[in-house]
Amino acid sequence: MAEELPLEVKTLPAFERSLEPGIREARLLAPPWVRSLGKLTMEVRIEGWRFPVPVENPTISPSVKPTRPRLYEPEKKSRRAGLPKSRTRLKPPGDAVVLKERLLYLLQPPLETLFSGKQVTLPFQPYPYQMEGIAFLMPRSAALLADEMGLGKTMQTILALRLLFNGGLIQRALLVCPKPLVFNWARELRTWAADLPFEVIGGDADARQATWRISNCPLKVVNYEILTRDAALVADERVHFDVVVLDEAQRIKNRESKTAEVVCSIQRSRSWALTGTPIENRPEDLINIFSFVDRERIPANTPTRQLPKLTGDCILRRTKDDVLSDLPAKTIRDAFLELTPAQRDSYVLAEKEGVVRLNSLGATITVQHVFELIMRLKQICNFDPLTGQSAKLEQLQADLAEVADSGRKAIVFSQWVQPLEILADNLASLGALQFHGKIPAKQRPALLERFKNDPHKHVLLMSYGTGSVGLNLQFTNYVFLFDRWWNPAVEDQAINRAHRIGQKEPVFVTRFVTQGTIENRIADILENKRQLFAELLEQNGPPPSLGLTEEDIFSLFDIQARPKRMAA
Amino acid sequence: MANLATAPWNLGFLTIVQEPAGYLGGYLVTNQWGRPLEFRLSTAVLPNRVQQILYGDTLQPYICGELIGKTLIDKTVTQAHVIVTDREIVLPLRQLLATPVGWIDEREWAGVSERENVLQTHPLFPQDQRMLADLEERLGDAFDLTEPFARIREAISEARKMGVTSRG
């Protein structure tokens, strides 16, 4: 039989209370658990500059017919096939601190692109050094172009102005020059900037006032004398120019002069000065010219040795030696001059009386009669018989001063001895020597030696008929034809006394031509014949004569009379 | 769109340069003779590492085209009738513009000896080819289409000296 075990029920304290779960917070990830790795969007800011709008479709003045100029005659017209090989870029000057102004010039196209395109047409391509000169002038508000005479300061200035006008960068400009050169500038403007309207300030007081104050013509040309006379008009605050150009700037080297005072008083944004003298060798003159170019650039009492540093960025001077490789062997230019008032009065009277007399001769008239009148008028173009005034002499003196300052030598030709004697008196300070029929043959070799070797002898005054084959004047760089000869071959022979094959240095020939006179008319006929000669030479051969024919001579005047055989 | 045969027209030149500071854009609008009318310059854009990774291969085209190129053109007041670029990567910008875009490879241009079409257009816009061919014809041999880019780079360098191109 199994025994029953007693059961004892005990309570377990662990079970006396109900089960409750314990909750403890467990941090697995710190909020927020998505991190940004950086900005995904990109931003850009833009800076910008707008520039003046260039002139579109500039018009050529209808009164000017572009003609082949006689001023610059490089041996060959530059031919550009395809893209320009060199690029002349504008560079902002050192004193241009505003970024927009610097960008304006940096972003201009190369000059070669502008000149080879259709907007700016030229009769000839400038030489590389002339491109550099234009690029020097264009961005500058203060500039002194001091190239040696004959290197084309006029042309460089005109093209720089033209590009500034075309680019919309300037609207008004004033050119100041010596009185004898006004016509020359006018002619050069028509040659190099036929699309740029200009007017010459002159006439009576009312006319000048209207031109100064009212006229909207973009370019005005005035001579120093009229400018000085119109000082009060110029000082008017309504008269302002974007550019003022001074030709022959050494005119204002005397700061106390009225001329300098008036010039410096012109209200302007840019000041350009042109001179052929080696200005860097003349500190005093340099300082005075800079009173116009940039008054504040040279502080008072600046030591001379500091001048180059202060002015270097504003001055550009090249000599023939510097640009030898660019230059042709021979450069011929015509200097068109206006007769002085006294000369003009004498000329008009002589021509009028002369033509009346010729017409009165009827069929008995001969070429010789006409020659006599031509000769008389040509002499008046040289010197006024009553007063001795001479526009040519004035200009020649200025040109030869530059030649002498540059240490160079020049020959001056005339077909008569008397003008040479007058010139000798007036050019004595330049060591002028005479070489013509009145000089005994025995003295001539020594005279030529003196001209060659004496550094103070800068000028040789020579007649066309003098000299012989073998006359060697290759050390001469400048030739001036005070009056011209009939036959171009005779002129060439004269010129070639300086310019010969083997001549290492280029020769600059200046032919004086008085405006609106018989010289002008003869020059036109001869030029047409030269062109015809050049064309015929390419085709058939040379024409029989290059001089003036009988008909040419009679056509120079309004003469109805003709010799009997011509009339038949 | 203006008739290129008769009316005056403007050219736009767009380039992007890549420097340590980032991508910089320059846009020059000129008249038909190459004279500057307006110039726009961007600040430098330097993508960070995340952007480089996330944008991947689309980064450069995006920065050069849409970000810099289009912004430059949109901000320019003077409208160009034709846009030329020297960066092929900018060419897709054409899809965002109504203006023909041509790419000129400077190396190809240097080797050109005869008149031929050297401007390449976007393949989706074949009609641009005709317009750009007319442009080259009109400009003639004297206008070097690569030359304005040299000006732009010089202008960028000048602006950098004056601190204009700092990162935004």
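Two residues are in contact when heavy atoms of theirs lie within 4.5 Å. The model on display is predicted, so local features need pLDDT of at least 70 and side-chain atom pairs count only at pLDDT 80 or more, whereas totals for chains, interfaces and linings use all residues. Residues are numbered from 1 along each chain as its sequence is written, chains are lettered from A, and side-chain values use heavy atoms, with hydrogens and water left out.

**The whole chain**

Select chain A. Of its contacts with a separation of 6 or more, 77% join residues 24 or more positions apart. Colour the chain by secondary structure to display 20 helices and 14 strands; these are DSSP runs, at least four residues of H or I for a helix and at least two of E for a strand, numbered from the N terminus. Chain A has 568 residues, and 53% of them are buried, that is, under 20% relative accessible area with a 1.4 Å probe, protein chains only.

**An enclosed helix**

Next, select residues 283–293, helix H10 of chain A. Why is H10(A) described as largely enclosed by the rest of the structure? Eight of its eleven residues are buried, so the rest of the structure largely encloses this helix. Among the buried ones are Asp285(A), Leu286(A), Phe290(A) and Val293(A).

**The largest cavity**

A cavity is a set of points on a 1 Å grid over the protein atoms alone where a 1.4 Å probe fits but cannot get out; its lining residues have an atom within 4 Å of a point. The whole structure holds four cavities of 30 Å³ or more, a volume being the space filled by probe spheres set on the points, which are joined across faces, edges and corners.

Select Met149(A), Gly150(A), Lys153(A), Thr154(A) and Arg333(A), which lie nearest the centre of the largest cavity among its 22 lining residues. The space inside is about 320 Å³. Elements that each supply at least two lining residues include helix H4 (153–166) and strand S9 (330–337) of chain A.

**The second largest cavity**

Finally, move to the second largest cavity, of about 80 Å³. Ten residues line this cavity, and Lys378(A), Arg484(A), Trp485(A), Glu519(A) and Ile522(A) are the closest to its centre. Which helix gives the most to this lining? Select H18(A), which contributes four residues, the most to the lining.

Note on methods. Buried < 20%, exposed > 50% of the residue type's maximum accessible area, 1.4 Å probe, protein only. 1 Å grid on protein atoms, 1.4 Å probe; cavity = no way out; pocket = protein on both sides within 12 Å on 5 of 7 lines; lining within 4 Å.
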